[in-house]
Amino acid sequence: MDKKFAEIAEVAADVILEIRYYSTFNFIGDRIDGYLEPTALLTKEAAGALKAASDEFKKKGYRLKIYDAYRPQRAVDHFVRWAKDIDDQRMKAIFYPGIPKEKLFELGFIAEHSGHSRGSTVDLTLFDMAGGCDLNMGGYFDFFGDISHYEHPALSKEQRSNRALLRDVMMWAGFEPYENEWWHFTLADEPYPDSYFDFPVMRPVTES
């Protein structure tokens, strides 16, 4: 692991990790290249800001659930190869039922570079400790469709409130939201805005 980065769980111990690209439950249906362990990494600056958000959410009765954070360029390259293979549509019914796969590039759902590879972007939701479940956000992580837009008109009052809670605290902690994906946040003052890293996602090796 690059020394500029930290393992999120070591900095913010209360987060829940559900690393979708280490699993097969993602829009491709395979483990993604570069995800060697089910952990999450961020630049040290972003990890520190995320801890502040995590602490604030815990006061309110919630925990952060992380779906993805730093994403190596090799993973993005995997996405691109998959998007060009029109015949592979195993996960279409779940993640992109209303969009032809051949339009994923044109509509901006897949691109050759991702802000995640710069190390200060995180995808997440909120887990309600009292209720024992994720908050109802009116849509789910990595769904390719308009319901993922923060201000979608079909959202209920509860869903709008839940999305606003997530956004408000994340912005308070120094992150900027992305209008098209309610779960996506980037540290406003990211330390490596022009760097796209490619080391794998794994826990740091400790020296004995």
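This report walks through a predicted model of one protein chain, from its overall build down to a few single residues.

## Overall build

Let's start with the fold. The protein chain carries five helices and eight strands. Reading from the N terminus, the order is β-α-β-β-α-β-α-α-β-β-α-β-β. The radius of gyration comes out at 17 Å, close to the 17 Å that the globule rule gives for 208 residues, so the chain is as compact as a globular protein of that length. If you want a box around the C-alpha atoms, take roughly 50 × 45 × 30 Å along the principal axes.

How much of the chain is buried? Of the 208 residues, 50% count as buried. As for contacts with a separation of 6 or more, 75% of them are between residues 24 or more positions apart.

## Surface and charge

The accessible surface of the protein chain is about 9900 Å², and carbon and sulfur atoms own 50% of that. On the charge side, there are 25 positive and 35 negative charges. Their mean positions sit 3 Å apart.

Helix 2 covers residues 44–59. With 16 residues at 1.5 Å a residue, helix 2 should span 22 Å, and its end C-alpha atoms are 23 Å apart, which agrees. The buried residues in this helix are A46, A47, A49, L50, A53, S54, E56 and F57, so under 20% relative accessible area applies to each of them, E56 included. After helix 2 comes G61, with a positive phi near 95°.

Helix 3 takes in residues 73–84, 12 residues in total. From first C-alpha to last it reaches 17 Å, close to the 16 Å expected at 1.5 Å a residue. Its buried residues are Q73, A75, V76, H78, F79, V80, W82 and A83.

## L126 in strand 5

L126 belongs to strand 5, which runs over residues 121–128. Is L126 buried or exposed? Its relative accessibility is 0%, so L126 counts as buried.

Who does L126 touch, once residues up to four places away in sequence are set aside? The list is F57, Y62, R63, L64, C133, D134, L135, M137, L165 and L166. One of these, F57, is also among the buried residues of helix 2. For a sense of distance, D88 is 38 residues from L126 along the chain, and their C-alpha atoms are separated by 32 Å.

## Two loop residues

D142 lies in the loop between strand 6 (133–134) and helix 5 (157–172).

A173 sits in the loop between helix 5 and strand 7 (175–178). With a relative accessible area of 15%, A173 is under the 20% limit and therefore buried. Leaving aside neighbours within four places in sequence, A173 is in contact with A49 and A53. Both A49 and A53 are buried residues of helix 2. A173 and I8 are 165 residues apart in sequence, while their C-alpha atoms are 15 Å apart in space.

Note on methods. Residues are numbered from 1 along each chain as its sequence is written. This is a predicted model: local features need pLDDT of at least 70, side-chain atom pairs count only at pLDDT 80 or more; totals for chains, interfaces and linings use all residues. Side-chain values use heavy atoms; hydrogens and water are left out. Helices (H or I, at least four residues) and strands (E, at least two) are DSSP runs, numbered from the N terminus. The radius of gyration is taken over C-alpha atoms; the globule rule is 2.2 Å times the number of residues to the power 0.38. Buried means under 20% relative accessible area, exposed over 50%, partly exposed in between (1.4 Å probe, protein chains only). Contact means heavy atoms within 4.5 Å. Accessible areas come from the Shrake-Rupley method with a 1.4 Å probe; for residues, only the protein chains shown count as cover. Lys and Arg count as positive and Asp and Glu as negative; His and the chain ends are not counted. The place of a charge is taken as NZ of Lys, CZ of Arg, CG of Asp or CD of Glu. The expected span of a helix is 1.5 Å times one less than its number of residues.
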